Amino acid sequence: MRIACPWCGPRPLSEFTYGGDAAKTRPKAPEAAGLETWMDYVYLRKNPAGRHREYWHHGSGCRCWLIVTRDTVTHEIEHVALAAPQMREGKK
Amino acid sequence: MRYSAVSLIRNAFTGHRRWPRVWREPEPKPAYDVVIIGGGGHGLATAHYLARNHGVTNVAVLEKSYLGNGNVGRNTTIVRSNYLCPDNIAFNEHSLKLWEGLSGDLNYNVMLSQRGVLVTFHTPAQRDAAIRRGNSMRLNGVDAVLLGREEVRKLVPIIDFSPSARFPILGGLLQPRGGSVRHDAVAWGYARSADARGVDIIQNCEVTGIKTGKGRVRAVETNRGSIRAKKVAIIVAGHSTLVAGMAGLRLPIESHVLQSFVTEPVKPVLDTVVSFGAAHFAVVQSDKGGLVFNGSLDGYNSYAQRGNMEALEDVAAAAASFMPCFSRLRLLRHWGGINDMTMDGSPIITKTPVKGLYFNGGWCYGGFKGTPASGWTMAHLIANDAPHELASGFTLSRFETGLVINENGAGPCPGRH
Ligand SMILES: Cc1cc2nc3c(=O)[nH]c(=O)nc-3n(C[C@H](O)[C@H](O)[C@H](O)COP(=O)(O)OP(=O)(O)OC[C@H]3O[C@@H](n4cnc5c(N)ncnc54)[C@H](O)[C@@H]3O)c2cc1C
Ligand SMILES: [Zn+2]
């Protein structure tokens with residue numbers, strides 16, 4: 001598998017670290033969030049067979065966090081974007 | 001038919017062409033007392049112990065592919081009980097005891113070879129950890145022996161003991177009763193025994209839906225029609241979240257690929273199962289002479305049941321560094337299996353919020369060794385609608401209560417356990 005980093009271009013997998021499901025968002029009001037909300041955030045995963053939006057860290061390159069849209073059955077990569085703008089806007 | 005020396009001799013006279021089929025190939029009935037989804041090691045073991053221990057025989061095992069196509073036929077065949085957390089030690093030790101009597105119990109040779117499982121250590125900190133683990137095992141009645149450098153050298157001389165070794169060997173923790181089991185024979189032996197007791201084993205039957213009503217499980221939908229059931233057990237390893245999702249359950253599980261590799265056959269060079277303490281690498285020599293390797297998970301969500309080059313490079317590098325004499329061997333094959341990795345690295349054997357629906361999964365990449373105890377405790381759970389004491393910690397609720405069973409202390413990162 002190769003990931004086309006928006007800064008660095010197509011790079012081998014060994015340069016990246018996996019960061020898991022990007023659909024998970026940290027509870028907005030951490031203090032007020034109940035046990036169930038935290039349980040969901042920390043532990044429960046959709047784990048789909050197919051399209052998956054996930055974090056990857058380009059540790060041996062630009063050191064940016066990316067959001068990669070990838071098929072978990074074929075490993076085909078549909079889309080790669082920098083994570084920061086989306087995270088700043090608080091989008092899922 | 002019972003296998004014995006007499007049956008072997010009798011069949012020799014007919015050129016071994018008249019052995020009866022090992023299990024029937026029945027059409028699915030419209031209804032069963034228990035339907036088991038998944039004909040892997042754990043599903044088949046559950047069927048065997050349901051019949052053997054609890055007299056429950058109106059049972060079907062539904063397998064979407066052929067028996068042995070899942071992880072039961074893809075693993076590295078290593079069995080051991082060298083765990084640290086009490087729940088895992090007790091469970092896997094019970095499993096090892098069942099392995100020790102399994103060929104007799106099933107009347108099928110599963111070729112258990114208790115050649116010992118050695119894990120090497122390379123730093124003083126790792127030695128401390130090995131001592132702690134060994135003590136924990138011994139306190140729980142499991143065999144464990146701490147070996148120094150020279151003892152490891154005597155046991156496995158092909159390890160790199162030269163002064164230039166990248167990771168010098170300080171010693172190792174040995175479990176003498178650990179070893180290896182012929183994995184296909186486990187699937188076939190359990191299937192044959194369950195079949196002989198009346199269980200229907202139905203291959204090429206994929207479950208596509210689970211029907212519930214009034215909080216109870218009612219039936220499963222399959223590509224061969226609907227099958228009613230009083231109780232349904234989900235035992236599908238890497239596909240846990242998909243099948244549990246059919247009943248609306250959400251799980252603390254991700255699917256990850258683990259790969260294995262086998263070299264060309266060579267004369268016996270290694271009579272111990274050895275795990276490299278400095279990187280994720282284990283090796284066992286098969287009876288045919290091939291060296292079977294495994295490494296670490298690919299580390300990202302995947303349902304691709306196949307190998308790839310990145311892991312190959314890692315494993316080859318670890319093999320050449322640990323046992324340099326392997327460096328010129330050719331690899332014959334490599335393959336991958338999908339493991340259901342839980343958030344704490346330990347399995348789940350439990351009732352679900354749906355009455356009559358049971359779940360067994362989250363075996364991660366170490367569930368082969370647990371196969372007999374998993375079937376044993378799962379059968380108990382289904383028959384009595386109450387957990388077996390050996391599996392009572394393997395709940396789903398542990399993630400809510402915080403009583404996780406985390407051997408490595410890796411936190412909720414399934415790819416890191
Ligand atoms: C490469 C590799 C090496 C390993 N090495 C070891 C080792 O050395 N020691 C060890 O202890 N463990 C090892 N493991 C882990 C071990 O193999 C698994 O934890 C264990 O086999 C999982 O249980 P199982 O046998 O029931 O799984 P499987 O054999 O995978 O059984 C699950 C079955 O469910 C079926 N299924 C899925 N979905 C459906 C559906 N919708 N309808 C019907 N059927 C369905 C599948 O086809 C499959 O046959 C290894 C795993 C891998 C992949
Ligand atoms: Zn980059």
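Helices and strands, as I use the words today, are DSSP runs, numbered from the N terminus; a helix has at least four residues and a strand at least two. With that settled, I turn to the structure above, which is a predicted model.

I begin with chain A. Read along the sequence, its elements follow the pattern β-β-β-α-β-β-β-α, that is, 2 helices and 6 strands. The C-alpha trace of chain A spans about 40 × 30 × 20 Å along its principal axes.

Within chain A, 4 strands form an open sheet with antiparallel pairing, in the order 3-4-5-6. Strand 3, residues 17-21, and strand 6, residues 77-82, stand at the edges of this sheet in chain A; each has a single partner strand, so one side of each is left without a neighbour in the sheet. From one strand to the next, the twist averages 30°. As an example of the pairing, please look at strand 4, residues 51-57, and strand 5, residues 65-71, of chain A, which are joined in the antiparallel sense over 7 bridges. There, A:His57 stands opposite A:Trp65 of strand 5.

I move now to chain B and its sheet. Here 8 strands form an open sheet, ordered 5-6-4-13-14-15-12-16, and the pairing is mixed. Which strands of chain B stand at the edges? They are strand 5, residues 145-148, and strand 16, residues 331-342; each has a single partner strand, so one side of each lacks a neighbour in the sheet. The twist of this sheet averages 20° from one strand to the next.

A helix also packs on this sheet of chain B: helix 4, residues 124-139, touches strand 4 (117-121), strand 5 and strand 6 (171-175). The direction of helix 4 makes about 20° with that of strand 6 of chain B. Elsewhere in the sheet, strand 13, residues 273-276, and strand 14, residues 281-285, of chain B run antiparallel and are joined by 3 bridges. In this pair, B:Phe276 stands opposite B:Phe281 of strand 14.

The next topic is ligand 1. How many residues surround ligand 1? There are 37, and the closest are B:Gly41, B:Glu63, B:Asn71, B:Val72 and B:Lys369. By class, the shell has 15 nonpolar, 17 polar and 5 charged residues.

A polar side-chain atom of B:Glu63 lies 2.6 Å from an oxygen atom of ligand 1. At B:Cys364, a backbone N or O atom is 3.3 Å from an oxygen atom of ligand 1. At B:Phe368, a polar backbone atom is 3.0 Å from a nitrogen atom of ligand 1. Of the 1,000 Å² of accessible area that ligand 1 has on its own, the protein covers 97%.

The elements of chain B that give two or more residues to the shell around ligand 1 are helix 2 (41-54), strand 12 (253-263) and strand 16. Strand 12 of chain B gives the most, with 3 residues. Strand 16, then, is both an edge strand of the chain B sheet and a contributor to the shell around ligand 1.

Finally, I draw attention to B:Arg228, which is placed in strand 11, residues 225-234, of chain B. B:Arg228 and B:Ala31 are 197 residues apart in sequence, yet their C-alpha atoms are 4.4 Å apart in space. Leaving aside residues up to four places away in sequence, B:Arg228 touches B:Pro30, B:Ala31, B:Tyr32, B:Val35, B:Arg218 and B:Ala219.

Terms used: Residues numbered from 1 in each chain as written. Chains lettered and ligands numbered in written order. Predicted model: local features only at pLDDT ≥ 70, side-chain atom pairs only at ≥ 80, totals over all residues. Heavy atoms only, no water. Pairing = 2+ DSSP bridges. Axes fitted to C-alpha atoms, helices over the stretch in contact; angles between N-to-C directions. Contact = heavy atoms within 4.5 Å. Near = heavy atom within 4 Å. Polar contact = N/O pair within 3.5 Å; in protein donor to acceptor, adjacent residues only side chain to side chain. Areas by Shrake-Rupley, 256 points an atom, 1.4 Å probe, with all protein chains shown as cover. Nonpolar A, V, L, I, M, F, W, Y, C, P; charged D, E, K, R; others polar.
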